[in-house]
Amino acid sequence: QVQLVESGGGLVQAGGSLRLSCAASGRTFSSYTMAWFRQAPGKEREFVAAISGSGSMTRHVDSVKGRFTISRDNAKSTVYLQMNRVKPEETAVYFCAAGTWVGVGTVTSKPNYWGQGTQVTVSS
């Protein structure tokens, strides 16, 4: 069993930065591909970024490339999402996910575990 706890959400102005963290319990953190998803009001949950267990491979949705960066620290069992130059339309609840996907290219919206989510609000 893995428990995921997100933190770091809040209110930020458009163009600003925010770093989300997701702390995982358990001793098998490095065996999971980790991902971030987001869900805006009235919209479906969407993929944002993923990182392999070793951290050597990452994937970001096109809309955040060059602005968001996913990373992980296996010693701390934590995955991060650095968000720069955020936009108002990126206001959403951001969820951390852990999955046994084979590679970052196979990440789906059905992970093994979800976090509870953290609200990010971008003001214009």
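The model is predicted; local features need pLDDT of at least 70, side-chain atom pairs count only at pLDDT 80 or more, and totals for chains, interfaces and linings use all residues. Residues are numbered from 1 along each chain as its sequence is written, and side-chain values use heavy atoms, with hydrogens and water left out.

The protein chain contains zero helices and 11 strands. Helices (H or I, at least four residues) and strands (E, at least two) are DSSP runs, numbered from the N terminus. Along the sequence, the pattern reads β-β-β-β-β-β-β-β-β-β-β. Along the principal axes, the C-alpha atoms fill a box of roughly 40 × 25 × 25 Å.

Of the 124 residues, 47% are buried. Buried means under 20% relative accessible area, exposed means over 50%, and partly exposed lies in between (1.4 Å probe, protein chains only). Contacts (heavy atoms within 4.5 Å) were examined between residues at least 6 apart in sequence; 58% of these join residues at least 24 apart. The accessible surface of the protein chain is about 6300 Å², and carbon and sulfur atoms account for 48% of this area. Accessible areas come from the Shrake-Rupley method with a 1.4 Å probe; for residues, only the protein chains shown count as cover.

The chain carries 13 positive and 7 negative side chains, and the centres of the two sets are 5 Å apart. Lys and Arg count as positive and Asp and Glu as negative, while His and the chain ends are not counted. Each charge is placed at NZ of Lys, CZ of Arg, CG of Asp or CD of Glu.

Four aromatic pairs are found in the whole structure. Rings of Phe, Tyr and Trp (its six-membered ring) pair if their centres lie within 6.5 Å; planes under 30 degrees apart count as stacked, over 60 as edge-to-face and the rest as tilted. Phe37 and Phe47 form an edge-to-face pair, because their ring centres are 5.8 Å apart and their planes stand at 75°. Phe37 belongs to strand β4 (residues 33-39) and Phe47 to strand β5 (residues 46-51), so this pair ties together parts 10 residues apart in sequence. Phe37 and Phe47 are both buried. Phe95 and Trp114 also form an edge-to-face pair, with 6.1 Å from centre to centre and 75° between the planes. This pair links distant parts of the chain, as Phe95 in strand β9 (residues 92-99) and Trp114 in strand β10 (residues 113-114) are 19 residues apart. Phe95 is buried at 9% relative accessibility, whereas Trp114 is partly exposed at 31%. Phe37, Phe47, Phe95 and Trp114 form one aromatic cluster.

Ser77, in the loop between β7 (68-73) and β8 (78-83), has a positive phi of about 50° although it is not a glycine. Ser77 is buried, with 14% relative accessibility. Arg85 lies in the loop between β8 and β9; its phi is near 50°, again positive in a residue other than glycine. Arg85 is partly exposed at 46%.

Pro88 is also found in the loop between β8 and β9 and is partly exposed at 33% relative accessibility. Pro88 and Val122 are 34 residues apart in sequence, with their C-alpha atoms 4.6 Å apart in space. Leaving aside residues up to four places away in sequence, Pro88 touches Ala14, Val122 and Ser124.
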